[in-house]
Amino acid sequence: MAQDLQPKDLQPRDFQPRDGQRAGTEAFEGLLERIERPAALADGLGEILAANGAFCRRSGLDLEALCQRGLQGLCATDVTPLLQGAVASLSSELAGSPVADGAIPLSLSRLPASGGTEAVWCLLELLDQRVTLADLDELVTARYADGAVLLHLQVLQLDLVRGRLGIAACEALIEEIAHRLEAALPAGGFFSRQGGDRLLALLPGALGIDAVRDMAGALLSSLEAPTTVLEHVIEPSLNVGISRAPDDGNEFAVLLEAATRALEETHRQPFPSCCIASPVERSVQLQELLARPLALAIEQEQLELAYQPIIELESGRVIAAEVLCRWDDPVLGRQSPADFIDVAEATAQISSLGRWVMERAFETLHRWDGAGLQLAKICVNVSPLQVQDPTWSSDLLMALERHQLTPGRIVLELTEGSILEMSNHVANQLRDLRRQGFELAMDDFGTGYSGLQRLTELPFSEVKIDRSLISAIDYDQLQQAMLSAVIRLSDATGIMVVVEGVERSRQRQMLLTLGCRHGQGYQLSAPLSDLELEALLQSQIAAEA
């Protein structure tokens, strides 16, 4: 990544003033291109001599047009004090920009020449919407007193783009998304790259939830349009978490925390790619509302299990099923799995909930075995908090023994996000379970920034590709290339690949073409009750007879 230059690097000590300045323009342009920010250079008379590509793109003016307008023509503020040496710097706005219409802040600094010459130079920097996190604190307080909306955006494919096309492709994709984001922002909006695969955007105005949801949907549509990076067509896929001022707080750090929590929720089924933060008080309210009823529901077995079939794509056979937990309280009604699982984790009920799920799932699998049904494996979602419970492993083994099952028929699924934050103790516990014969799956693969590295650090037997990485698999060449790379890696390491979110027949056909053998999603089968899955397995046996 290029390094910012200091003012001393631009002091024109090697150039002649006035008439000789044009001869040095190419050298100045080379220096300016090393500055990441949009930057231009003017002489002591206010004549523009050079500008980097970022300045031209952001201002909407080429170098010839910049030179014709001059320094005063670019600035809404009188620049005479700067040129006369009365001040060392000025702040203005870019005047008459075709793309910004005067909304981009402009910083001007006077750079006196060394060596005692009379020549002076002016460095112009467009501060525009790309601001630092520290700047955003001031913006929330000073400019958005009437309310603001913070968007925390995550580009989902960067890990695989980097593995397939390299870091340059990652940066090119982020830059393209940043340009689109900038173009889509309303007047007074600002954005910043937080690092890695994350972007932040701050919009003025106190918007209601419905208006925010509509705005975010339109924004994601514009950001996710196909683009070409290094001759590969990519359809970007993004998730966004949203917080609002003053509902979620008035300080930027508080808004960022709320938006980040909302972004994390988008990785949990059945949430879509956009999630709006709930007030912090809601989590407390949920605990107060659900903690006791949840404990009773577990104790009195008022919960239900659903099973999402995992299908062999070529034959259509059910080869496994993912276990899902459902809760329809007689008083409170149907509860979101994300809500009651959060409450279970916050109130130390996750272990008892996990034990109940495994007990019922193992019991059902044993019943199917007795009926001669053919289901090789079941997949159970596991929280790292369960694994930390010192009795969890022994309870798991005893439940298997009670229902006459072997560890090889149980797949323990952990989301990529939880794996990235996993402690060494939990990782060692999982390695021990793998040695005992349990299968281990990385769920939602592709939603984190270090998934490929983590995939090689734990003994996974299965990887489940997140739906965001196959959303356009039937026509997106880069998604096809990335999935092919994962399939080659899995073939070389013996790891089974299951693709989630198969919703179109053309997706299924392309997955088969690429060599993917297993998938799940609504095009293949919706989640089923135990009786519905039992009937499906029976019909499968009858068809094969």
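1. Glu322 is buried, at a relative accessible area of 7% (buried is under 20%, exposed over 50% and partly exposed in between, with a 1.4 Å probe and protein chains only). Its salt-bridge partner is Lys464, with the closest N and O atoms 3.1 Å apart (a salt bridge puts a side-chain nitrogen of Lys or Arg within 4 Å of a carboxyl oxygen of Asp or Glu). Lys464 is buried too, with a relative accessible area of 0%. The pair links distant parts of the chain, Glu322 in strand β14 and Lys464 in strand β19 (residues 462-465), 142 residues apart.

2. On the basis of the model: it is predicted, local features need pLDDT of at least 70, side-chain atom pairs count only at pLDDT 80 or more, and totals for chains, interfaces and linings use all residues. Residues are numbered from 1 along each chain as its sequence is written, and side-chain values use heavy atoms, with hydrogens and water left out.

3. The protein has 20 helices and 21 strands (DSSP runs numbered from the N terminus: helices are H or I with at least four residues, strands E with at least two). Of its 545 residues, 51% count as buried. Among contacts with a separation of 6 or more, 65% are between residues 24 or more positions apart (a contact is heavy atoms within 4.5 Å).

4. The whole structure holds 19 salt bridges. In one of them, Asp530 and Arg367 have their closest N and O atoms 3.4 Å apart. This pair links helix α20 (residues 530-544), which holds Asp530, to helix α12, which holds Arg367, across 163 residues. Asp530 is partly exposed at 24% relative accessibility, and Arg367 is partly exposed at 37%. Asp197 and Arg198 form another, at 3.2 Å between the closest N and O atoms; Asp197 is buried at 5%, whereas Arg198 is partly exposed at 23%. Glu301, Arg360 and Glu363 are linked in a salt-bridge network.

5. Two aromatic pairs are found in the whole structure (rings of Phe, Tyr and Trp, the last by its six-membered ring, with centres within 6.5 Å; planes under 30 degrees apart are stacked, over 60 edge-to-face and the rest tilted). Trp327 and Phe340 are edge-to-face, because their ring planes stand at 85 degrees, with centres 5.7 Å apart. Trp327 lies in strand β14 (residues 318-329) and Phe340 in helix α11 (residues 337-346), 13 residues apart. Both residues are buried. Other buried residues of α11 include Pro337, Ala338 and Val343. Just after α11, Ala348 takes a positive phi of about 60 degrees.

6. The largest nonpolar core has 108 residues, of which Leu151, Phe362, Leu412 and Ile465 touch the most other members (a core is a set of buried Ala, Val, Leu, Ile, Met, Phe, Trp, Tyr and Cys residues joined through side-chain atoms within 4.5 Å). Helix α12 (residues 350-370) gives the most to this core, nine residues. Apart from this core lies another, of 21 residues, among them Cys56, Val79, Leu90 and Leu124.

7. On the surface, Leu289, Val331 and Leu332 form a nonpolar patch with about 280 Å² of accessible area together (patch residues have over 30% relative accessible area and no salt bridge; like charges are joined within 9 Å, and nonpolar side chains, of Val, Leu, Ile, Met, Phe, Trp and Tyr, within 5 Å). Leu332 sits in the loop between β14 and β15 (333-335) and is partly exposed at 31%.

Notes
Areas by Shrake-Rupley, 256 points an atom, 1.4 Å probe, with all protein chains shown as cover.
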